[in-house]
Amino acid sequence: MFQPDSMLGWSHLEGAEAVHPSFEFRARYKIDSSGRRETGYSGKSSEVAILGCSWAFGHGVNDDETFAARLFREQGIPVHNYACMGYGPAQAYLQVLHRVDLRQVVANDGLVAYFWVPDQLMRAWRRLEWIVLNSWVNPHGPSHPLFDLDDQGLQHIGLVGREGARVDPPLLPGVVERTEWRITVLLIRAMHELVTATGRQFMVVVPPLPDRKYDQAAGQKLAALLAESGVPCMDMNHETNPMRSDSSAMFYRFDEHPTATWHAIVADSLAKVALKDPAIQES
């Protein structure tokens, strides 16, 4: 379902179909002729474009069970899903900068929604753990898209491999994570500027996360940092929803990715924003 990509590290193989077997699920995935996850909508221009990783892609659920497909089927909202397993903020930014022609594929005043989850933090910079884990893309060469910081801000380095990875110096714990946070916010701000310059709306979505201290704290931290930067952010973890009373139904126990129940909740919440519900917009 994937192919090496000289800019993004890897990308979807257009027209691919795959079955993802697991003892917790058996999911079928279909990639359309433009490299997007199938949503049931095949028009050229959408009202909503989705960016993100496996959570937004719909790891573990069938094409018609993803929140993107539900938005189109149940709410009549045309959606294109550009999310890809393993992507982080660098890929999302590069997608809108070089790969997704927003003026062509997103309607005027349409919404570009970037789904961020704490797993993406380690993908933002040079963390050795993540680069080694994804070396399958190009076992003997670079596969990780990288942005560094210089005096002018973000600098696109291109793809790096294990030789470009970093770990914390022995006497300076937390250096890598602090840099990841800085670059994450800068990349999101850059996405916001790119998208709004075309007349489209941009919003970061922190979807329902597992009820774990680290995940919840990371989601709250990103929302606070984006509020300081003036970037719209929808933190779904603060919503009151009776369906969320049993959070165990929202995530696979062992795989830990979201279930179809999670996707239904996200679709309902995102529809209110996409349909410009006044109460939600004010909130």
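Helix 2 (residues 67-75) packs against helix 8 (residues 260-274) with the two axes 8 Å apart and at an angle of about 55°. The model is predicted.

**Helix 2 and helix 8**

- The angle of about 55° makes helix 2 and helix 8 oblique to each other.
- The crossing of helix 2 and helix 8 is right-handed.
- On the helix 2 side, the contact is made by Phe67, Arg70, Leu71 and Gln75.
- On the helix 8 side, the partners are Ala260, Trp262, His263, Ala264, Val266, Ala267, Leu270 and Ala271.
- By class, the residues of this contact are 9 nonpolar, 2 polar and 1 charged.

**Helix 3: burial and cover**

- Of the 11 residues of helix 3 (residues 89-99), 8 are buried, so this helix is largely enclosed by the rest of the structure.
- The buried residues are Pro89, Ala90, Gln91, Ala92, Tyr93, Leu94, Gln95 and Val96.

**Helix 3 and helix 6**

- The axes of helix 3 and helix 6 cross at roughly 20° and come within 9 Å.
- Angles under 35 degrees count as roughly parallel, and helix 3 and helix 6 are therefore roughly parallel to each other.
- The crossing of helix 3 with helix 6 is left-handed.
- Pro89, Ala90, Ala92, Tyr93, Val96 and Leu97 of helix 3 are in contact with Thr184, Leu187, Ala190, Met191 and Leu194 of helix 6.
- This contact between helix 3 and helix 6 consists of 10 nonpolar residues and 1 polar residue, with no charged residues.

**Aromatic pairs**

- Rings count as paired if their centres lie within 6.5 Å, and by this rule there are 13 aromatic pairs.
- Phenylalanine 2 and tryptophan 136 have ring centres 6.0 Å apart and planes at 65°, so they form an edge-to-face pair.
- Phenylalanine 2 belongs to strand 1 (residues 2-5), while tryptophan 136 is in the loop between helix 5 (128-133) and strand 8 (144-150); the pair links distant parts of the chain, 134 residues apart.
- Phenylalanine 2 is partly exposed at 29% relative accessibility, and tryptophan 136 is partly exposed at 46%.
- Tryptophan 116 and tryptophan 181 have ring centres 5.8 Å apart and planes at 40°, so this pair is tilted.
- Tryptophan 116 lies in the loop between strand 7 (106-115) and helix 5, and tryptophan 181 lies in helix 6 (residues 175-197), so the pair ties together parts that are 65 residues apart in sequence.
- Tryptophan 116 and tryptophan 181 are both buried.
- Trp55, Phe67, Phe115, Phe251 and Trp262 are linked by ring pairs into a cluster.
- Within this cluster, Phe67 and Trp262 also take part in the contact of helix 2 with helix 8.

**Aspartate 148**

- Aspartate 148 is in strand 8, and this residue is buried with a relative accessible area of 13%.
- Not counting residues up to four places away in sequence, aspartate 148 touches Trp125, Arg126, Gly153, Leu154, Gln155 and Ile157.
- The C-alpha atoms of aspartate 148 and valine 79 are separated by 32 Å, and the two residues are 69 residues apart along the chain.

Key: Residues are numbered from 1 along each chain as its sequence is written. This is a predicted model: local features need pLDDT of at least 70, side-chain atom pairs count only at pLDDT 80 or more; totals for chains, interfaces and linings use all residues. Side-chain values use heavy atoms; hydrogens and water are left out. Axes are lines fitted to C-alpha atoms, for helices over the stretch in contact, and angles run from 0 to 180 degrees between N-to-C directions. Helices (H or I, at least four residues) and strands (E, at least two) are DSSP runs, numbered from the N terminus. Angles under 35 degrees count as roughly parallel, over 145 as roughly antiparallel, 65 to 115 as roughly perpendicular and the rest as oblique. A crossing is left-handed if the near helix is turned anticlockwise from the far one by less than a right angle, and right-handed if clockwise. Contact means heavy atoms within 4.5 Å. Ala, Val, Leu, Ile, Met, Phe, Trp, Tyr, Cys and Pro count as nonpolar, Asp, Glu, Lys and Arg as charged, and the others, Gly among them, as polar. Rings of Phe, Tyr and Trp (its six-membered ring) pair if their centres lie within 6.5 Å; planes under 30 degrees apart count as stacked, over 60 as edge-to-face and the rest as tilted. Buried means under 20% relative accessible area, exposed over 50%, partly exposed in between (1.4 Å probe, protein chains only).
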